[in-house]
Amino acid sequence: MQQLLTTTLSGITLGFVYAAFALALVMIWRSTRIVNFAQAPMAMLTTYVALTVIDAGYSYWIGFAAALVAGFVLGAAVEWLVVRRVDSTVEINPVILTLGLFIVFHSVAALVFGSQFRSFPAPFGVRGFEVGDTTIALTGFGVFTILAVLAVLGLLLLLFRFTDVGLRMRASAFNAEVSRLLGVRVGRMLSLGWALAALVGSLSGLLIAGGGLVHPSYMDPVVVYGFVAAVLGGLDSPMGAVAGGLLLGLCLSFVSGYLGSELVAMAALLVLVAVLLVRPGGLFASTVQRRV
Amino acid sequence: MKRSSTSRGGWKPAATVVTVLAVSAAISACGAGADRDDSSESTGSTVGITDDSIKIGGHFPLTGVAAPGYSEIPSGHQAYYDFVNANGGVNGRQIEFEVKDDAYDPTKTSSVTNEMVLQDEVFGIVGGLGTPTHGAVVDFLNDEEVPDLFVSSGSRQWGETPEEYPYTFGWQPDYVIEGKVIGQYIADNLPDAKVGLFLQGDDLGEDGEAGIRTYADKQIVETVSYTPGNTDIAPQIAKLQAAGVDLVVGFNVPSYTALSQLVSLKLGFAPQWIYSNIGSDPDLVGSLLADFSEGAVEDGAALLSGVITTEYMPGIGDDDDPWMQLWEKVWDEQGGKGELTNYKIYGMAEAYTFVQALQAAGEDVSREGIVSAIEQAGGSFEGPGFGPFRYSEESHLGLSGIQVVEIEGSGASKALTPVLVTDLGDAPIEEDDSAAGDAPPESGIPEVEPVG
Amino acid sequence: MSSLLASARQSVLARHLTAGLVAAVVGILVLSLVSEFRATQLAAMAYLGIAAAGLTLLTGLNGQLSLGHGAFMAIGAYTAALCLQDAEPLAPLPVILLAATAVAVLVGLVVGIAAARLHGPYLAGATLALAVAVPGLAIFWDGTLGGEQGLTVRVPDVPAWFADAVFFLTATDPTRGRYTAYVAWLVLVAVFVLLANLSRSRVGRTWRAVRDDEVAAELAGINLARSRVLAFVVSAACAGLAGALMALVVRIAAPSGFTLTLSLTLVAAIVLGGLGSLVGALAGAALLTFLPQLVTQFGGDLGLDDVRSAELAPLVYGVVMVLVILLAPTGLVGSLRTWRHRRAARSAQPPDPERTSTTHHNTTERARA
């Protein structure tokens with residue numbers, strides 16, 4: 001019974017981490033129709049920024065803020081310096097571009113920060129809460145993770161639904177030409193989209209690192225699972241990203257606990273294929289996609 | 001029109017090629033009269049050796065997921081060779097150590113080993129790291145009759161079958177004998193414990209499990225394994241907890257020691273922990289855990305206090321040990337970059353053994369010569385190891401002595417058993433501390449007499 | 001008219017066959033002249049080239065992006081390794097290679113049917129998951145597949161007739177390492193001849209049509225799903241065969257050899273060479289084989305320590321990938337072709353502006369294909 005509870009709770013926490021990462025992918029997809037494979041190493045870099053700040057003697061929260069700011073800047077810089085200059089009429093080009101950036105960021109991190117394991121602090125307790133005389137597998141940091149992701153989801157929904165900037169961002173992504181004619185500064189909107197997405201990505205990096213170990217490859221599993229979560233949810237929907245993350249986190253946790261951890265990746269594949277065969281546009285696809 | 005022109009263009013190089021072919025076929029036909037028999041070389045290949053140098057190489061993960069930690073081992077090697085070279089080398093020969101990155105990918109191991117052996121013509125491979133990676137090249141090295149010395153992995157296959165791999169030698173105690181020693185300790189001292197195994201899903205876990213089951217099979221109530229790279233191990237630990245385990249034996253790497261401790265905190269799971277030597281490294285794990293001090297882990301070293309592990313040579317924390325003093329001296333004089341770690345010490349200790357082997361092989365060292373020198377003299381090499389090496393014509397396995405210890409608050413350890421020496425299979429476990437009192441010579445450089 | 005077409009096709013086939021034959025003989029000669037180490041490097045280039053060739057047809061010609069072809073290589077490698085466990089191989093080498101291809105075809109069929117329904121990022125996501133999922137199976141079934149340590153491969157003895165033939169041509173006896181290199185290059189040549197014909201054939205034209213405009217292709221009576229699945233199966237077959245050769249060359253099949261990096265490496269190879277071009281795939285494979293060694297050496301020469309110079313190789317890869325896609329999205333081969341056409345157009349007298357510009361357009365389009 002306790003094993004069931006533990007597996008469920010750790011699945012939920014893990015799911016919210018995937019959700020945070022998937023949210024970042026959804027942001028970029030919504031604003032530029034690009035899947036950013038370099039999201040994970042970007043988040044890894046900003047986590048190292050936080051670690052450097054914390055190691056220099058500042059508090060966790062200053063490091064936290066520094067990472068988010070670094071993420072925002074990095075996202076805008078990547079969009080403005082590189083992504084904007086790629087010929088994205090051929091669908092595969094941006095994919096390859098971000099894969100290339102993936103490799104570059106990885107090596108840069110290993111060159112600059114070295115490839116040792118470093119531990120990353122957590123701002124809240126890493127001991128489970130005690131209810132009566134049993135400990136439940138939920139820590140202060142786990143609660144923080146869940147709340148942070150829900151807050152980000154809420155803010156994003158507000159941004160896209162109710163603000164002028166959000167509307168312009170959606171318009172730029174949907175049809176750049178028409179938006180430009182209507183006076184939207186499309187380029188700025190695209191940069192903003194990337195910047196915000198990278199900020200959310202940095203948050204996911206911090207949440208994964210918290211109370212764990214950091215090294216240049218620590219985000220690699222999330223590349224796959226976060227992406228699968230985003231695709232499960234339909235890439236276009238923030239709600240879908242969170243739902244996809246939760247579904248995947250729970251599935252993987254159960255497979256790992258009851259079947260064997262070597263089957264986790266296979267389980268992710270099967271869940272993904274099963275969902276996509278029924279709904280090729282993901283769980284939360286608003287319209288049936290049809291490329292013409 | 002366009003097509004015909006391109007096709008004609010396509011034929012022109014083809015015609016050239018055919019001409020070249022004809023010519024080269026004619027040339028090669030001249031050589032075809034040569035003797036087809038393998039002109040087997042006279043005994044004693046001296047590839048990689050000159051009068052004043054000897055070139056060796058090793059493959060290590062310098063990039064990728066396995067790089068943290070392991071990438072420090074070659075720097076330990078290098079520091080010790082620099083130290084020896086600065087003191088005149090071995091028999092007047094400077095040791096050149098070539099390090100190649102394989103990113104822990106057997107495909108790359110194969111390619112870089114080919115490069116070292118065939119292109120750069122190294123004398124031998126020393127300290128090649130990893131079971132799957134080294135597995136990709138062990139056949140090749142033995143086919144080519146290249147000494148494959150002191151593999152950095154505790155798999156039993158490096159030395160169990162010298163008839164199959166005559167050029168390959170292990171170095172560290174294999175995981176099977178470590179498992180046996182831990183298993184016996186449990187059976188003798190903790191006979192009522194309900195034992196759970198926490199295993200890395202490869203040879204480390206498998207061999208360790210086989211060793212433990214030799215003595216403590218009946219006490220094991222649950223076995224879980226994790227896949228390296230998958231950092232979410234809460235489900236595995238929860239399974240151990242659900243089975244009512246009160247003693248966990250972990251055959252895992254250091255990062256998973258830290259993770260398993262953190263997850264146990266999260267789950268309120270507080271069994272007695274026993275970690276294998278490879279996973280305990282109190283220096284590293286303690287520093288990893290200490291950094292969580294902003295959270296709930298007040299003192300990392302304290303968290304590991306009371307954990308049982310094994311040791312086979314002195315490491316960080318044993319400041320009074322003469323070997324540790326040697327390593328610190330070497331590191332300060334030659335390496336210097338960064339803190340001394342147990343990984344670097346591991347590399348230096350392997351390098352020390354290699355220098356001994358080179359001395360044993362004598363002035364006229366050859367590939368065959370060094371192999372037979374280790375077989376004859378290796379059993380009596382004095383080194384930092386608590387037990388002797390098992391090297392002989394029948395076995396190429398490495399160190400045989402292990403001690404069960406308990407980690408105390410500050411990272412120091414308290415011996416729970418004397419040094420125990422054993423071998424694979426049914427070999428009994430015996431007390432033998434004959435090698436534990438060895439101290440390095442004053443110069444820091446071994447003085448092994450040439451064999452024969 | 002039809003007979004004219006037939007003879008034209010026959011001549012294409014004949015040309016490919018002759019070129020193949022020449023390439024095979026040249027390959028054997030080159031392999032016998034270079035050092036043993038170069039021969040093994042060339043063998044690695046050959047198997048990467050085969051896998052990249054299959055992938056470039058799938059991505060370049062048919063427009064499906066797969067990030068998971070390393071998985072098919074793993075399947076081929078494990079099939080071959082299972083057949084090459086004992087001193088006596090289960091079957092002659094060509095049969096083993098065919099068996100590895102066949103298993104990859106079966107799996108490719110299943111994956112391809114699922115993939116045919118997916119587009120763009122959804123397909124990329126599914127194949128990405130495939131790339132990380134398949135090596136896990138080798139650990140799950142560690143009894144048969146050897147777990148993390150993998151399966152060691154016993155390279156079969158060099159057949160006497162083959163040794164004789166090589167001896168006749170080059171006056172040297174092939175070692176086992178060289179033998180695998182010969183085999184890899186012969187297979188490479190055969191695969192390239194087949195693929196070159198395929199891409200020139202009706203099937204190849206169908207694939208391009210599907211890539212360029214699905215609706216138009218469907219209106220023209222092309223069965224979209226069938227075309228997609230076929231392209232996927234062909235490329236999976238190539239990857240499986242490449243995997244089997246890789247097992248022979250590397251002498252082991254282990255999960256850590258088939259990480260995501262391998263799949264991404266293949267994508268990098270086809271992009272660097274030029275999407276859709278077989279020659280480009282081979283050029284990309286060559287770059288990926290020879291570049292790391294050069295870059296690492298260069299790092300050492302600059303005075304970097306081993307760890308840092310080892311990190312330099314992926315850094316250069318990544319930077320080159322980014323630059324190619326930004327500055328020359330048609331890859332090496334495409335850029336060369338454009339440059340040649342531009343030069344030809346410039347020297348043509350008198351220049352016909354309209355025609356040259358359309359040629360340009362066409363070539364870039366084709367190269368991008």
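How many bridges join strand S1 (residues 53–60) of chain B to S2(B)? Eight bridges do, and the two strands run parallel. This is a predicted model, in which local features need pLDDT of at least 70, side-chain atom pairs count only at pLDDT 80 or more, and totals for chains, interfaces and linings use all residues. Residues are numbered from 1 along each chain as its sequence is written, while chains are lettered from A and ligands numbered from 1 in the order in which they are written.

**The sheet in chain B**

Helices (H or I, at least four residues) and strands (E, at least two) are DSSP runs, numbered from the N terminus. Two strands pair if DSSP finds at least two bridges between them. In chain B, four strands form an open sheet with parallel pairing, in the order S2-S1-S3-S4. Strand S2 (94–101) and strand S4 (148–149) of chain B stand at the edges, each with a single partner strand, so one side of each is left without a neighbour in the sheet.

Look at S2(B) again. The bridge partner of His59(B) in S2(B) is Lys100(B). Six of the eight residues of S2(B) are buried, so the strand is largely enclosed by the rest of the structure. Buried means that 20 or more other C-beta atoms, placed from the backbone, lie within 10 Å of the residue's own; exposed means 12 or fewer, and partly exposed is in between.

Now turn to S4(B). Strand S3 (residues 124–126) of chain B pairs with S4(B) in the parallel sense over two bridges. Val126(B) stands opposite Leu149(B) in S4(B).

**Two domains in chain B**

Domain bounds come from an automatic or database domain assignment. For chain B the assignment gives domain 1 (32–173 + 317–404 + 414–431) and domain 2 (175–311). The C-alpha centres of these two domains of chain B lie 29 Å apart. Their contact takes 21 residues from domain 1 of chain B and 22 residues from domain 2 of chain B. Two residues are in contact if their C-beta atoms, placed from the backbone, lie within 7 Å. On the domain 1 side, strand S10 (residues 401–407) of chain B gives the largest share, three residues.

**Where chains meet**

Chain A and chain C touch through 41 residues from chain A and 39 residues from chain C. On the chain A side, H4(A) gives the most, with 15 residues. Chain C also touches chain B: 38 residues of chain C are in contact with 39 residues of chain B. Here H1(C) gives the most to the chain C side, with seven residues.

Ala, Val, Leu, Ile, Met, Phe, Trp, Tyr, Cys and Pro count as nonpolar, Asp, Glu, Lys and Arg as charged, and the others, Gly among them, as polar.

| Domain 1 of chain B, touching domain 2 of chain B | eight residues | eleven residues | two residues |

**The largest core**

A nonpolar core is a set of buried Ala, Val, Leu, Ile, Met, Phe, Trp, Tyr and Cys residues joined through C-beta atoms within 7 Å. The largest has 370 residues. Those with the most contacts inside it are Ala268(A), Tyr47(C), Ile50(C), Ala129(C) and Leu245(C). H11(C) gives the largest share of this core, 18 residues. Domain 1 and domain 2 of chain B both give residues to this core, so it lies between them.

Take Tyr47(C). Leaving aside neighbours within four places in sequence, Tyr47(C) is in contact with Ala184(C), Ala242(C), Leu245(C), Met246(C) and Val249(C).
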